[in-house]
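Let's take a friendly walk through this structure, one feature at a time. Have the sequence and the 3D view ready as you read.

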Amino acid sequence: MAATYRYAMVGNSAAAINACDAVRKLDPEGSIILFGEEKYRCYSRPLISYLVAGQIESGGMYYRPPGYYRSMRVDFRKGTRVEAVDAAKRTLTTAEGEKVRWRSLLLATGFKPFIPPVPGLEEIDYLTFVSWDDARRMLARTAKPARVLIVGAGLIGMKAAEAAEARGAKVTVVEKMERVLPQALDEQASRMVWERCREAGIDIVTGQGVAGLEPRGGGKGKAVLDDGGELEFDLLVMAVGVRPRVELAEDAGLQCARGIEVDEYQRTALEGVYAAGDAVSAMDVVLGRPSINALWPVAALQGKYAGMNMAGKEVPYPGCNSMNAVEFFGLPVLSAGIVNPPGDGYEVVTRRGDGDDYRKVVLQGDVLVGMLMAGRIERAGILTGLIQERANVRRVKNFLLEEAFGHIHLPRSVRQERITETAAGIMKAGAARDKGV
Amino acid sequence: MAEIMVIVPVYAYDVYVYRPLALCLKVTARPGGALLPVRLEDEEGDLDLIRIVPREEYCIGCRLCEIHCVVQHSKSKNIIKAFKSERRPVKRVEVEEEGHVSFALQCRHCDEAPCVTACLSGAMSKDPRTGVVTNDPERCVGCWTCILVCPFGAVRRDEADKKAVGKCDLCPDLEVPACVANCPNEALLLVEE
Ligand SMILES: Cc1cc2nc3c(=O)[nH]c(=O)nc-3n(C[C@H](O)[C@H](O)[C@H](O)COP(=O)(O)OP(=O)(O)OC[C@H]3O[C@@H](n4cnc5c(N)ncnc54)[C@H](O)[C@@H]3O)c2cc1C
Ligand code: SF4
Ligand code: SF4
């Protein structure tokens, strides 16, 4: 007979761990089983670049202290992949053939790197940069000075570039778009980051794709760019993008054209099956529709709400937005919501201070829908909060870009309510909208 | 015998906060003369969270709270050394000022703290017993995600020791947080919740 668990969680990262925490807070008794394909206790994926760069030791990678699973009374199956889910019978089967019954199931399977079809790629021993194992491989292969070619200048590509540079490698990044971090940053901030990278010795080639690859053995090779330019490399890192990892959800019978779809309680279309994290398309309050925001805080928040709902406390997910915090070579940049307005109907205000100080807000009518701060980033969260709340900022519009912008600019009653609010947190969108600040 | 709890209104920050009378009577006097609530444990041994509430009608904008916060979080805890010879830690309280109005604001130790959920490394945590939200500088990598999500702007880069953030920790070594204790006009109140 297969063992029965009250809760089964697949995935051992931001979403799954926060779901465990939330379940345990509400249900101290219910049995929990948690599967993680990787051979590690839960670690923080974004820290792999810090590890490679030597800024932290392996001990600093862990997201939770040693003894976490025991103290939470979680039956943790390390290095175990779940291969099949039968939602009607409420069972799952692992790669080793073990069968487990569950009463509610969380799919927190995350993302996988997207590998475009490039002629010659199959013959090259290339790397991706999405896991602790990838970090180990990069460490091993940059032990001697290497020429590293990174394809893609998104967050993961740039993190890989920074890490490889810290290892003493000669780094070149090739990006199809015209600038670095095209999604998270606007043009100005991209330029600033680019400048910093160039000063640090990283070459960035934009507006170019890799048209073909010629292997030279041992993972080395030559890349031919769209314009015919050639680049020799000792190590190739593919970082063109990520896709939600949905094979298990599809096996369970869910349609996943754009990630796993969930309702506001993180429930999928299947009874008893919940989903959270990068594999999921969930409400983006700024866009006003479900979207995949493959970001750690978003995955963690979804996991938390999935956990609460699995434990029987019905609380709707408040929604999130695209929030990015990056720092490259001493230049911090934070952004939230829409930083590159897709068309007309937006009001964009920017301010350039001295040095690297750059700020921008994006408004749609009287609603703040996006912000970006570079250089001096202190108190950026006040703006993120207003974005998240869809606050009406008509009365404070002129102060938004000021360094001293804060609660002092909000009407007294609103400010008092916020400050004395005991359950302060990400407040439900609507409260501030109705009232206007 | 069942105890009868008497709830009384207490004037705090322009609003009346309702608190058990027993709590209001259990107060200690501090040198400055103000009365402070004593922390009580509930049946589960949990402490009630203390929050610092600003009173803008009393704040004179002198920023002494900021100064004493810096001193309290410095190595020597000596005002001259902290400002002159040591690497100066960041202030964890900020006085906001506009025209005649000012008040001091620090971390609210939120119930559902966005910074804790968002933290990439697990460095930011909420003590389940005291409700205090603190950052472990040993685990913090300085990714600034918490700065991005804190709706009160209560987290700052604190690169005095290493790349990490600093925020209000309610002064664990002191009975009364330094900002509250050193406010000359009682514009910061300790409120038990
Ligand atoms: C280099 C890098 C830097 C990043 N930096 C940032 C950053 O600065 N800020 C930010 O917000 N985000 C960042 N991210 C993104 C962030 O890591 C992700 O958003 C986050 O990890 C998503 O968490 P998750 O729980 O949804 O899934 P994942 O972290 O993808 O984890 C899913 C887990 O589930 C396991 N799994 C999948 N299928 C199965 C199965 N069938 N059986 C068993 N186990 C399974 C996988 O092995 C994996 O361990 C970064 C990512 C990378 C790669
Ligand atoms: S740092 Fe900000 S988000 Fe975190 S508990 Fe304090 S006020 Fe809340
Ligand atoms: S800066 Fe430190 S405390 Fe803040 S989110 Fe990053 S790791 Fe966590």
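## A parallel sheet in chain A

In this predicted model, four strands of chain A form an open sheet in the order S10-S9-S8-S14, and their pairing is parallel. Strand S10 (203-206) and strand S14 (235-238) of chain A each have a single partner strand, so one side of each has no neighbour in the sheet. From one strand to the next, the twist averages 15 degrees.

Look at where strand S9 (residues 170-175) of chain A runs parallel to S10(A): four bridges join the two. Here A:Val173 stands opposite A:Ile204 of S10(A).

## Rings that meet

Over all chains, the count of aromatic pairs is eight. One of them is the edge-to-face pair of A:Tyr40 and A:Tyr43, with 5.5 Å from centre to centre and 75 degrees between the planes. A:Tyr40 also pairs with A:Trp132: this pair is stacked because the ring centres are 4.5 Å apart and the planes are at 10 degrees. A:Tyr40 lies in the loop between strand S2 (32-36) and helix H2 (48-52) of chain A, while A:Trp132 is in helix H4 (residues 132-141) of chain A, so the pair ties together parts 92 residues apart in sequence.

Ring pairs link A:Tyr40, A:Tyr43, A:Tyr62 and A:Trp132 into a cluster.

## Arginines over rings

A:Arg41 lies over the face of A:Tyr62, 3.9 Å from the ring centre. A:Arg243 lies over the face of A:Phe114, at 4.1 Å from the ring centre.

Notes
Residues numbered from 1 in each chain as written. Chains lettered and ligands numbered in written order. Predicted model: local features only at pLDDT ≥ 70, side-chain atom pairs only at ≥ 80, totals over all residues. Heavy atoms only, no water. Pairing = 2+ DSSP bridges. Axes fitted to C-alpha atoms, helices over the stretch in contact; angles between N-to-C directions. Phe/Tyr/Trp six-rings, centres within 6.5 Å; stacked < 30°, edge-to-face > 60°. Lys NZ or Arg CZ within 6 Å of the ring centre and 35° of its normal.
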